[in-house]
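Dear colleague,

I am passing on to you the structure we talked about, and below it you will find notes on what turned up in it. Please read them with the structure open beside you.

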Amino acid sequence: MSFSSDIKTELSREFPEAYHCLIAETAAIILFAGTLMGDPEQGSITVETENVLLAKKFLRLIRRAFDISVDLKVKKGKTNLYRIVLYYDEYREAGSGDKFSRVWHETADWEEPGFGKSLLEYSCCRRAFIRGAFMASGSMSNPGKSYHFEIVCADEAQAGIIKHIAETFDISPGIVKRKNKYIVYLKDSEAIVDMLGIMGAGSALMKLENVRIIKDMKNSANRQSNCDAANINKTVRTARKQVEDIRLIEERMGLDRLDPALREMAEARLAHPEESLKELGDYLDPPVGKSGVNHRLKKLSAIADSLRKKEK
């Protein structure tokens, strides 16, 4: 199973307790996977999906919120298509046409002024709505390869709803147009972790956090390895320069003309060209610390530079 499938499987088991949250999640599924025909008095609401978990969850949401039982039809093929249709006429004949009207007015009437504001007034409802939208039209890449969370929207208005909801939780998603669709997306791993928490996908959140920890550890190890390699290269270059300086002094003036401490330092470096400053100091009598060794080598470098200037 893909990481997206894992998330949707987990979300399919999450059901709000409050009526207003049931309405919000139902509304999201209808908006992102549904089609409206007609009007509240003589129309239909159809939800189609290839995800059986979404289809079954929609049926349960409708049943819990409106006490309506609906048939689930399956069109079989390479990929099964699950279809759920609510007809006004069917409920009218059963003497419960008002239930259909309620579903329409409470979950699908986005043209009604103030509908969206009322539907998404509470943060718990916004969480439920995002959950329904992701189940209907969302996906996420395998975090082991990349961080990419998205919800595909039919138009700019839908994308604006998702972006607004995310921003109420201090998450700032991007929007990009892809062909005739609008994609609301996240690429920041911390923002995706927050979004999974908002939707109620706790297990997926923990899996993502584990991947992030492992990646951070590997990146840290690589950085340390690169740093160590850079330090080694720097040490080698510095030591090579020190040997060149000492050879120049030896050739131009002779080491015996140096101060005894500098002469001892020069001879130690020539004898041990690959040793670090700390290790080099142990060869002196008495031993000298790293800073002392560095100080003496700088003096030798200054003498060599002076000789080079005279030569020029």
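Over the ring of which residue does the charged end of arginine 64 sit? Before the reply, please keep in mind that this is a predicted model. The ring is that of phenylalanine 15, and the charged end of arginine 64 lies 4.4 Å from its centre. A second case involves arginine 126, whose charged end sits over the ring of phenylalanine 169, at 5.7 Å from the centre.

A search of the whole structure for aromatic pairs finds six. One of them joins tyrosine 19 and phenylalanine 66 in an edge-to-face arrangement, with 6.4 Å from centre to centre and 75° between the planes. This pair links distant parts of the chain, since tyrosine 19 belongs to helix α2 and phenylalanine 66 to helix α3, 47 residues apart. Tyrosine 19 counts as partly exposed because its relative accessibility is 34%, whereas phenylalanine 66, at 2%, counts as buried.

The rings of phenylalanine 32 and phenylalanine 129 have centres 6.3 Å apart and planes at 70°, so this pair is edge-to-face. Phenylalanine 32 lies in helix α2 and phenylalanine 129 in helix α7, 97 residues apart, and both residues are buried. Together with Trp110 and Phe115, Phe32 and Phe129 form one aromatic cluster.

Notes. Residues are numbered from 1 along each chain as its sequence is written. This is a predicted model: local features need pLDDT of at least 70, side-chain atom pairs count only at pLDDT 80 or more; totals for chains, interfaces and linings use all residues. Side-chain values use heavy atoms; hydrogens and water are left out. Rings of Phe, Tyr and Trp (its six-membered ring) pair if their centres lie within 6.5 Å; planes under 30 degrees apart count as stacked, over 60 as edge-to-face and the rest as tilted. Helices (H or I, at least four residues) and strands (E, at least two) are DSSP runs, numbered from the N terminus. Buried means under 20% relative accessible area, exposed over 50%, partly exposed in between (1.4 Å probe, protein chains only). A charge sits over a ring if NZ of Lys or CZ of Arg is within 6 Å of the ring centre and within 35 degrees of the ring normal.
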